[in-house]
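Trainee: I am new to this structure and would like to go through it by question and answer. Could you show it to me before we start?

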Amino acid sequence: MPDEVRAEIKVHLRDKPPVIDEDGRKLPKLDDNTAEYIRKGLTPRWSDVDVNKHVNNIKYVGWILESTLSSILETHELYGMTLEYRRECGRDDVLQSLGSVAGASVGGLSNSGNVECHHMLRLEDGSEVVRARMEWRPKNFGKMGM
C-alpha cells in the first residue's frame, strides 16, 4: 500500500488486534423454558444466501441483534461477542431466535453496568444453528468521569 494512502486511512484504523483472547466459557443452550424472549418466523432473503445456498454468517448476527431487547440497545453498546456455529441453514428455512439476559434484571438495565446476553438461533424443528454470547457496556463508557 502506498505511504500516502496509508497515511490518509490511518486515522480510521485500530491499533488493537480484532481478537484479544479466546473465551473458553461454555455457551448455554436455551430452550422454551430457559429463554426470556423468543422471536419466531425469521426467514432468509435471497440476498442473505451465499453461492452454496447457505445463509451468510453475518445474517445470523443481524438476527441476534434484531432480537435483542430494546432496553439494552437504547442504554448499552456492544463491545464483545462469541459465536458458536452448529449447522448451516438454507434459503427455505424458518428460524427462531431465543434470548436471555444474564446477571441483570431487564427492568433496571439503564442503571446497571455491563450486561451479558445469551442467544440461540434454531430451526423450527428445534435444530440449533448458532449459539451466541453478546457483551454490552453502558453507552458513553469511555466518557465517564470527563
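Mentor: A contact means heavy atoms within 4.5 Å. This is a predicted model, in which local features need pLDDT of at least 70 and side-chain atom pairs count only at pLDDT 80 or more, while totals for chains, interfaces and linings use all residues. Residues are numbered from 1 along each chain as its sequence is written, and side-chain values use heavy atoms, with hydrogens and water left out.

Trainee: In what order do the elements of the chain run from the N terminus on?

Mentor: Helices (H or I, at least four residues) and strands (E, at least two) are DSSP runs, numbered from the N terminus. The chain has 3 helices and 5 strands. Their order is α-β-α-α-β-β-β-β.

Trainee: What percentage of the 146 residues in the chain is buried?

Mentor: Buried means under 20% relative accessible area, exposed means over 50%, and partly exposed lies in between, with a 1.4 Å probe and protein chains only. By that rule, the buried part of the 146 residues is 34%.

Trainee: How many residues of strand S3 are buried?

Mentor: Strand S3 covers residues 95-102 and is mostly covered. Of its 8 residues, the number buried is 7.

Trainee: Which residue in S4 is the bridge partner of leucine 98?

Mentor: Two strands pair if DSSP finds at least two bridges between them. S3 is joined to strand S1 (residues 37-42) by 5 bridges in the antiparallel sense, and isoleucine 38 stands opposite leucine 98 there. S3 also runs antiparallel to strand S4 (residues 115-123), with 8 bridges. In S4, leucine 98 has as its partner methionine 120.

Trainee: Which strands are included in what covers the buried residues of H2?

Mentor: Helix H2 spans residues 57-67, and its buried residues are Lys59, Tyr60, Val61, Trp63, Ile64 and Ser67. Their cover includes S1, S2, S3, S4 and S5.

Trainee: Which residue caps the N-terminal end of H2?

Mentor: A side-chain oxygen lies 3.0 Å from the backbone nitrogen of isoleucine 58. The residue that supplies this oxygen is asparagine 56.

Trainee: How many aromatic pairs does the structure hold?

Mentor: Rings of Phe, Tyr and Trp (its six-membered ring) pair if their centres lie within 6.5 Å; planes under 30 degrees apart count as stacked, over 60 as edge-to-face and the rest as tilted. With that cut-off, the number of aromatic pairs is 2.

Trainee: Why is the pair of tyrosine 60 and tryptophan 63 called tilted?

Mentor: The two residues both lie in helix H2, 3 residues apart, about one turn of the helix. Tyrosine 60 is buried at 2% relative accessibility, and tryptophan 63 is buried at 3%. Their ring centres are 6.2 Å apart, and the pair is tilted because the planes stand at 40°.

Trainee: Which parts does the pair of tyrosine 60 and tyrosine 85 tie together?

Mentor: The rings of tyrosine 60 and tyrosine 85 have centres 5.9 Å apart and planes at 45°, so this pair is tilted. Tyrosine 85 counts as partly exposed, at 39% relative accessibility. Tyr60, Trp63 and Tyr85 form one aromatic cluster. The pair ties together parts that are 25 residues apart in sequence, namely helix H2 and strand S2.

Trainee: How far apart are the C-alpha atoms of methionine 81 and valine 61?

Mentor: Methionine 81 lies in strand S2 (residues 76-85) and is partly exposed at 38% relative accessibility. Leaving aside neighbours within four places in sequence, its contacts are Val61, Arg133 and Met134. Methionine 81 and valine 61 are 20 residues apart along the chain, and their C-alpha atoms are separated by 9.5 Å.

Trainee: How many disulfides does the structure hold?

Mentor: A disulfide is a pair of cysteine sulfur atoms within 2.5 Å. Cysteine 89 is buried at 1% relative accessible area, and cysteine 117 is buried at 0%. The number of disulfides is 0.

Terms used: A polar contact is a pair of N or O atoms within 3.5 Å; within protein, one must be able to donate a hydrogen and the other to accept it, and residues adjacent in sequence count only if both atoms are side-chain atoms.
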